[in-house]
Amino acid sequence: MLIAQISDVHVGGARYREELLDRAMEEVNAAHPDLVVVAGDLTDDGYPDQYPLAAEKLAGLDCPRVVGVPGNHDARNVGYLLYEDTFGARDSRLVIECDGVRVALVAVDSSKPDLDEGEVGREHYGWIEEGFSTDADLRVFVCHHHLVPVPGTGRERNQVLDAGDVLSLLRQCGVDLVLSGHRHVPYVWPIAGMLLVHSGTVSTLRTRGFPHPAYNLINVEDGRISVELRIPGDGRQSLGTYPRDWPAELAARESDPFVRAARGDSLADSDKTPPEA
Ligand SMILES: [Fe+2]
Ligand SMILES: [Fe+2]
C-alpha cells in the first residue's frame with residue numbers, strides 16, 4: 001500500500017511556485033498511491049481567491065482517496081469556513097481497504113483562527129479514540145501541526161499545545177502513523193510504536209532547515225514501512241525503513257500510565273489517603 005503525503009502548498013504566497021506543484025502532481029499520479037494525504041496549509045492566507053486555485057490543482061490528483069486537513073494559514077479569520085465550503089469537513093474519520101490493508105484513518109483540524117500554534121483539543125479525544133476502535137491493520141492519524149519538535153526549525157514554536165496528551169492517546173489507540181506538515185522540514189521520528197512523519201513544503205521556496213521543496217511517499221509492506229522523500233522534479237532520498245510492528249517491549253503501549261491512571265482511582269480519594277502521622 002502506498003500513501004502520498006503532501007503539505008504546505010501555500011497557493012497564492014510570494015514564494016509559491018506553481019510549476020513545483022504541477023511537477024509533484026505528475027509524480028504522485030505516476031506513483032499510483034492508494035491514498036493521498038494533504039496535511040494542511042493549502043493556501044497562503046486563506047483568502048477567498050486562493051481556495052478555488054488550490055481546489056483546482058488538487059482536482060488534478062488521479063487518486064480517488066484524498067484526505068485533507070486545514071493548516072494555520074488556511075484558517076485565518078474565517079478561512080476555516082472557506083476550507084469547509086471548498087473541501088468539506090475539517091475533521092474526518094474513515095475506514096478504507098487499500099491493497100488488502102484495512103486502514104483506519106482519523107484526520108483532525110489542529111488549527112485555530114489567527115494563531116500559528118496548533119491544538120487538537122481534549123474535546124476531540126473521545127472521537128479520535130472511537131475512530132481507531134475498529135479492527136484495522138494500519139491506524140493513521142493526520143493533523144497539520146507537529147507533535148514533537150522537528151530539527152532544523154530554530155526555536156521551538158507552534159507545536160500542538162496538548163502534544164503530550166495527544167501522543168499518549170495515539171499510543172494507546174495503537175496508531176502506526178502520524179502524518180503532519182507545518183515546519184517545512186521533512187523528518188521521521190519513531191516513538192513508542194508510532195512513526196511521526198513530517199512532510200516538507202511541496203510547492204514553495206519557504207525552506208530553510210531542509211533547503212528543497214519536498215513531499216513523501218510512504219510504502220506500507222508486510223513487516224515494514226518505508227518513507228521516501230521526493231523533491232519535485234529533482235530526486236529522492238530515503239527517510240528510513242522501519243518495522244511495521246514494533247516489538248511490544250519498545251512500543252510498551254500497555255505501560256502508558258497517563259490516561260488509564262487519570263480514569264482510575266486517585267490517591268485523593270478519601271479512603272486512599274494515607275493516615276496522618
Ligand atoms: Fe506551511
Ligand atoms: Fe503551517
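Q: Why is Glu-156 called partly exposed?
A: Its relative accessibility is 30%. Buried means under 20% relative accessible area and exposed over 50%, with partly exposed in between (1.4 Å probe, protein chains only), so 30% lands in the middle class. Bear in mind that this is a predicted model: local features need pLDDT of at least 70 and side-chain atom pairs count only at pLDDT 80 or more, while totals for chains, interfaces and linings use all residues. Residues are numbered from 1 along each chain as its sequence is written, chains are lettered from A and ligands numbered from 1 in the order in which they are written, and side-chain values use heavy atoms, leaving out hydrogens and water.

Q: How do you know that Arg-183 is buried and not exposed?
A: Arg-183 comes out at 12% relative accessibility, so it falls under the 20% limit and counts as buried.

Q: What makes the contact between Arg-183 and Glu-156 a salt bridge?
A: The N to O distance is 4.0 Å. The rule asks for a side-chain nitrogen of Lys or Arg within 4 Å of a carboxyl oxygen of Asp or Glu, so the pair qualifies. Arg-183 sits in the loop between β7 (177–180) and β8 (187–191), and Glu-156 in the loop between β6 (138–142) and α5 (163–172), so parts 27 residues apart in sequence are tied together. (Helices, H or I of at least four residues, and strands, E of at least two, are DSSP runs numbered from the N terminus.)

Q: What makes Arg-23 and Glu-27 a pair about one helical turn apart?
A: They are 4 residues apart in helix α1 (residues 18–31). Arg-23 is partly exposed, at 41%, whereas Glu-27 is buried, at 15%.

Q: Which atoms coordinate the iron ion (ligand 2), and how do you know that they are donors?
A: Asp-41 (OD), Asn-72 (OD1), His-144 (NE2) and His-182 (ND1) do, at 2.1 to 2.2 Å. Donors are N, O and S atoms within 2.8 Å of the metal (3.2 Å for Na, K and Ca), and sites may look incomplete because water is not among the atoms. These four are within that limit.

Q: Why is the site of the iron ion (ligand 2) called irregular?
A: The angles among its 4 donor atoms run from 89 to 160°. Four donors count as tetrahedral if all angles lie between 85 and 135 degrees; four count as square planar and six as octahedral if opposite donors are over 155 degrees apart and all others between 65 and 115; anything else is irregular.
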